[in-house]
Amino acid sequence: MNWKIKAFIQNCISLLPSNLSYELYYMLQRKFGTLKNFNPEGRLNSGIGIARLICNSGKDVKEKVFFELGTGRAPITPLAFWLMGAKKIITVDLNPYVKLELIKDSLDYISKNSETIRSLFGDLLNSKNLDALIKFNNKETFTLKEFLEFCSIEYHAPCNAEYTALPNDCVDYYISCAVFEHIDRNSLVKIIEEGNRITSPDSLFINYIDYHDHFSTREKNISAINFLKYSDKEWKKYAG
C-alpha cells in the first residue's frame with residue numbers, strides 16, 4: 001500500500017473516539033499489517049540486546065527493576081527481562097494498546113519453539129522461568145492480570161511518562177525501543193527529567209531511537225530518509 005494512503009487511513013482512524021480508534025486500527029494491523037503474522041522473537045531480541053549492553057557495562061540483569069517506556073501491543077521486551085531473571089518490570093504507554101490475544105500467540109510460539117528460545121537467550125536465560133512460563137501457558141485460559149502478575153510485570157496505560165507517580169530512585173534501568181522519535185521535544189525533556197527522578201544514582205538509560213522513515217520498512221520503493229524530502233509542514237499534513 002502506498003505510504004500516503006496508509007498515512008491518510010491512520011490519520012482518519014485517529015479522529016474516531018478512542019475505544020473505536022484502538023479497535024479498528026488493531027483489526028487492520030492484524031489483518032493486513034505488521035501483526036498479521038505476529039512473531040515475538042524481534043522484541044525478545046531487543047530485550048536480549050539491551051541485557052548484553054548492561055552486562056558489557058559491568059552490571060547485571062538479575063533481581064533488577066526495569067522501567068520500559070512504550071509497551072506497544074504486547075509486553076514482550078518486559079517478558080524477555082523476566083526470562084533473564086529481572087525482579088520487576090514496570091512498563092507504561094500513553095495508550096492502552098496491549099492485546100491478550102497477541103500475548104497468547106507469543107506464549108504459544110515460545111512453548112512450541114523452546115529450544116530456539118533457549119539458543120536465543122544463551123547464558124542470559126533463567127531456565128526455571130522459561131519452564132514455568134511454558135507450564136503457565138498450558139492452562140486452558142488465563143487473564144491479562146494473571147499473566148502480568150506471573151511474570152512480575154506492572155502495566156500502566158494510559159500513563160503519561162512525564163508524571164509516573166513512582167517513588168524516587170526505584171528503578172535500575174530505564175529503557176525504550178523506537179519510542180523517543182515519536183515524542184515532541186518539550187514532552188521528551190519532561191519525560192527524561194522524570195526518568196532521572198525515578199532511577200537510582202547508578203542506573204542506566206538505554207534508549208534505541210529509530211530515525212529511519214517508518215513507512216519504508218514495508219514499502220520498498222521509498223528510502224529510509226524519504227521523509228527528508230518534505231518540509232515540517234508537509235510532513236505534518238501527511239503523517240503528523
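This is a predicted model: local features need pLDDT of at least 70, side-chain atom pairs count only at pLDDT 80 or more; totals for chains, interfaces and linings use all residues.
Helix α1 covers residues 3-14, and isoleucine 5 is one of the residues that lie in it. At 1.5 Å a residue, the 12 residues of α1 should span 16 Å, and this agrees with the end C-alpha atoms, which are 16 Å apart. Trp3, Ala7 and Ile13 are buried in this helix. Seen down the axis of α1, these buried residues fall within an arc of 125 degrees, so they line one face of the helix. The elements that cover the buried residues of α1 include α2 and α10, the latter being residues 232-239.

Together with Met1, Phe8 and Ile9, Ile5 makes a nonpolar surface patch of about 430 Å².

Helix α5 runs over residues 100-112, and its 13 residues should span 18 Å at 1.5 Å a residue, which agrees with end C-alpha atoms that are 18 Å apart. The buried residues in α5 are Leu102, Ile103, Ser106, Leu107 and Ile110. They cover an arc of only 135 degrees around the axis, and therefore they sit on the same side of α5.

Several helices pack against the buried residues of α5, namely α2 (18-32), α3 (41-56), α4 (76-83), α6 (114-121), α7 (127-137) and α8 (144-150).

## Backbone details in the loops

Most residues other than glycine have a negative phi, and most peptide bonds are trans.

Serine 152, in the loop between α8 and β3, has a positive phi of about 55 degrees although it is not a glycine. With a relative accessibility of 26%, serine 152 counts as partly exposed. Alanine 178, which is placed in the loop between β4 and α9 (185-198), also has a positive phi, near 55 degrees, in a residue other than glycine. The relative accessible area of alanine 178 is 25%, which makes this residue partly exposed. A cis peptide bond, with omega about 0 degrees, joins alanine 157 and proline 158, and proline 158 is found in the loop between β3 (153-156) and β4 (171-177).

Methods:
Residues are numbered from 1 along each chain as its sequence is written. Side-chain values use heavy atoms; hydrogens and water are left out. Patches are made of residues with over 30% relative accessible area and no salt bridge: like charges are joined within 9 Å, nonpolar side chains (Val, Leu, Ile, Met, Phe, Trp, Tyr) within 5 Å. Accessible areas come from the Shrake-Rupley method with a 1.4 Å probe; for residues, only the protein chains shown count as cover. A salt bridge is a side-chain nitrogen of Lys or Arg within 4 Å of a carboxyl oxygen of Asp or Glu. Helices (H or I, at least four residues) and strands (E, at least two) are DSSP runs, numbered from the N terminus. The expected span of a helix is 1.5 Å times one less than its number of residues. Buried means under 20% relative accessible area, exposed over 50%, partly exposed in between (1.4 Å probe, protein chains only). The arc is that of the directions from the helix axis to the C-beta atoms. Contact means heavy atoms within 4.5 Å.
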